[in-house]
Amino acid sequence: MAKKSKVLPRVLVVDDETDLADLLELTLLKMGLDVVKANGVALAKTLLDSQRFDLCLSDMRMPDGEGLELVQHIQARKLDVPIAILTAYGSTNNAIAALKAGAFDYLAKPVALEQLRTLVKSALKLDTPESPASLPTGSNPLLGNSPALQYVLGLVDKLARNLAPVYITGESGSGKERAARLIHAKSARADKPFIAVNCGAIPENLMESEFFGYRKGAFTGANEDREGFFQAANGGTLFLDEVADLPLVMQVKLLRAIQERKVRQVGGVAEVDVDVRIISATHQNLSKCVEAGKFRQDLYYRLNVIELKMPPLREMGEDVLLIAQAVLQKIAARHGMRPPVLQAEALSALRTYDFPGNVRELENLLERALALCDGEQILAEDLHIQQTEADKAEAQAANLGDTYPLQDYLDRVERAAIMAALDKTNFNRTQAAKLLGITFRSMRYRLDRLGITQGADE
Ligand SMILES: Nc1ncnc2c1ncn2[C@@H]1O[C@H](COP(=O)(O)OP(=O)(O)OP(=O)(O)O)[C@@H](O)[C@H]1O
């Protein structure tokens with residue numbers, strides 16, 4: 001993928017409409033790029049198989065097939081070519097299908113040339129050897145060697161390479177925001193802003209001006225023009241935390257801004273183009289909120305293009321100890337002391353506790369233990385973990401959530417058993433199947449059905 005030579009980056013433009021193809025070609029040539037045109041899917045496939053391209057821009061509908069086929073072709077052949085799809089205005093479903101299939105991004109027609117240029121720059125920058133995707137991600141990595149966390153890290157790397165909206169789920173304190181920051185830090189947008197918004201913390205009457213900004217004089221107290229979150233995140237990432245808390249009126253406005261990639265400031269006349277990658281998160285079950293009429297289905301589909309599930313700490317095996325050591329070092333350094341040693345019983349207490357509050361609870365618990373311990377070592381009692389069998393049973397029931405709908409509940413039970421078996425067998429599906437007393441075939445079926453896609457080693 002890296003291009004060290006001075007050869008011009010080459011773009012494949014696939015469109016049967018000559019006018020549009022010519023306009024794209026002209027714009028790309030002006031950007032100093034080399035352009036090859038194809039008037040249909042068949043020719044594009046042949047060219048992709050026989051020549052080196054750095055980017056492909058394809059129309060969705062063509063007489064001999066769909067642009068989506070090219071996305072699939074590139075994926076199937078593992079060609080390292082980012083592809084963006086041109087979709088008819090308003091056909092959100094096509095755009096989402098393309099992103100899900102692995103497209104880098106999409107552009108709505110009529111193509112706004114400024115947007116096209118931004119997209120092209122972004123796509124080509126992803127391919128440079130200096131891409132931030134290959135740089136260390138600073139002091140805020142997601143720690144953990146468990147299969148569950150490693151799977152998350154693999155997905156984070158993939159997500160850093162495209163612009164699809166990501167929807168992060170997971171219990172409170174399980175690292176959703178940290179994951180969002182990591183995707184941003186590893187992406188080509190790393191040098192642009194990451195704006196985190198807690199949707200539940202903004203008063204309803206201020207939401208519009210907070211998100212979209214306002215013009216001087218728009219309302220009493222608007223003494224100067226102010227940018228909103230979208231403009232502040234321009235070129236970068238907008239992280240919508242607790243997105244389920246957005247009121248319905250705001251959901252409509254948000255959907256519009258995301259779809260059209262434009263915002264209008266409160267009191268403003270003109271719309272302003274914005275280029276933001278949206279990552280959203282919630283610890284609530286958003287599809288249930290949709291069923292309950294509290295969350296708009298169209299916005300749900302728009303946000304939930306790719307889902308990233310953060311595992312709860314209790315499903316991360318030995319990671320709890322690894323993270324505990326790292327947290328202790330951090331807190332001790334802050335207090336200017338040597339990190340105390342976790343004594344054997346303290347380690348085993350951490351290993352067996354359920355951590356309903358996940359890593360955040362672990363951090364709080366260690367902060368308190370550090371204050372209580374003798375400074376040299378942390379004993380089990382310094383941790384103040386009190387968990388009776390009844391608490392455990394209750395926590396387990398809570399972990400598995402509601403018992404209805406029954407199928408969802410059973411799926412969660414099945415998933416928990418399979419993940420535990422995979423964890424024990426180092427993600428060896430054959431051994432895990434044996435442990436569970438099911439055939440390998442049945443195991444494969446269940447993994448597919450539950451969407452557990454961690455690579456295995458048979
Ligand atoms: N795998 C991990 N390695 C190291 N630190 C982690 C990890 N996961 C979470 N943390 C830390 O735990 C704390 C909580 O994480 P974060 O705020 O990202 O959780 P969250 O899921 O967004 O929480 P909430 O649902 O309450 O918003 C943070 O201090 C974060 O840095």
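This is a predicted model: local features need pLDDT of at least 70, side-chain atom pairs count only at pLDDT 80 or more; totals for chains, interfaces and linings use all residues.
Close-up 1. Helix α18, spanning residues 406-424, packs against helix α19, spanning residues 429-436, at an angle of about 125°, and their axes lie 8 Å apart.

**Close-up 2. Residues at the contact of α18 with α19.** On the α18 side the contact is made by Ala417, Ile418, Ala421, Leu422 and Lys424, while α19 contributes Ala432, Leu435 and Leu436. By residue class, the contact of α18 with α19 comprises seven nonpolar residues, no polar ones and one charged.

**Close-up 3. The open, five-stranded parallel sheet.** The strands are arranged in the order β2-β1-β3-β6-β7, and their pairing is parallel. Strands β2 (34-38) and β7 (105-108) stand at the edges with a single partner strand each, so that one side of each is left without a neighbour in the sheet. From one strand to the next, the twist averages 20°.

**Close-up 4. Pairing of β3 with β6, and helix α1 on the sheet.** Strand β3 (residues 55-59) and strand β6 (residues 83-87) run parallel and are joined by four bridges; the bridge partner of Asp59 in β6 is Leu86. Helix α1 (residues 18-30) packs on this sheet, where α1 touches β1 (10-14), β2 and β3, and the direction of α1 makes about 165° with that of β2.

Methods: Residues are numbered from 1 along each chain as its sequence is written. Axes are lines fitted to C-alpha atoms, for helices over the stretch in contact, and angles run from 0 to 180 degrees between N-to-C directions. Helices (H or I, at least four residues) and strands (E, at least two) are DSSP runs, numbered from the N terminus. Two residues are in contact if their C-beta atoms, placed from the backbone, lie within 7 Å. Ala, Val, Leu, Ile, Met, Phe, Trp, Tyr, Cys and Pro count as nonpolar, Asp, Glu, Lys and Arg as charged, and the others, Gly among them, as polar. Two strands pair if DSSP finds at least two bridges between them.
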